[in-house]
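Visitor: Could you take me through the aromatic rings here, with the cut-offs spelled out? I would like a close look at that one part.

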Amino acid sequence: MSVKNKTRYAILGVLNNSPCTGYDIKKYCDRIIAHFWNENYGHIYPVLKVLQDEGLIERVEEETNDRKKKYAITGKGREEFLSWLKEPVHYQPARSEFLLKLSFFKDLQKDEIRSMILEYKEDHVKKLDGYGKMEEYMKQKEGALETQQGFFIHAPLRYGIISAESVIAWCDEMLNEIDLLK
């Protein structure tokens, strides 16, 4: 089975919400789904061209003389996007440099291990803080969480919050267990 380029579906998903530019797509990825998915301009613009060539998106003309290219999803694009949404999700094993290193920490001193776990914990405390700010921002937008779209944006954010809380609790547990090492 060939691997599908998921960038195309991220773009189709954003355009399924509303027409926008490549810049707008990047902004959406950075502000709304960055806690679980990222895209960069180097991926977005070439995929926009491919999607347009395949007839899955089309250029939308603006009334202004703006040089920015705005795109909208076509019926064919929406059809492919919805078909992809219904496909089973393929498991992607997690890759964590920290956990890889941790599995080989036996030759390090306790204080070195403690320091690395504390740093890892702090990274997740910062992530949790960022997620909290995102959630607070969403709550301040009157009625945003009560909409169907709000639910589907908030659900992955809650996943990120709970995951970060879990990692922080795990770090605390490991920090306590370091003292038991010989």
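Guide: Arg8 lies over the face of Tyr9, 5.8 Å from the ring centre; a charge sits over a ring if NZ of Lys or CZ of Arg is within 6 Å of the ring centre and within 35 degrees of the ring normal. The model is a predicted one, where local features need pLDDT of at least 70 and side-chain atom pairs count only at pLDDT 80 or more, while totals for chains, interfaces and linings use all residues. Residues are numbered from 1 along each chain as its sequence is written, and side-chain values use heavy atoms, leaving out hydrogens and water.

Tyr41 has a charge over its ring as well: the charged end of Lys26 is 5.9 Å from the centre. Tyr41 belongs to helix H3, residues 41–53 (helices are DSSP runs of H or I, at least four residues, numbered from the N terminus). With a relative accessible area of 34%, Tyr41 is partly exposed (buried is under 20%, exposed over 50%, partly exposed in between, using a 1.4 Å probe and protein chains only).

Now to the ring pairs. The whole structure holds eight aromatic pairs, meaning Phe, Tyr or Trp rings (six-membered ring for Trp) with centres within 6.5 Å; planes under 30 degrees apart are stacked, over 60 edge-to-face, the rest tilted. Phe98 and Phe105 form an edge-to-face pair, 6.3 Å centre to centre with 85° between the planes. Phe98 is buried at 12% relative accessible area, and Phe105 is buried at 7%. Ring pairs link Phe98 and Phe105 with Tyr120 and Trp170 in a cluster.

Technical notes: Helices (H or I, at least four residues) and strands (E, at least two) are DSSP runs, numbered from the N terminus.
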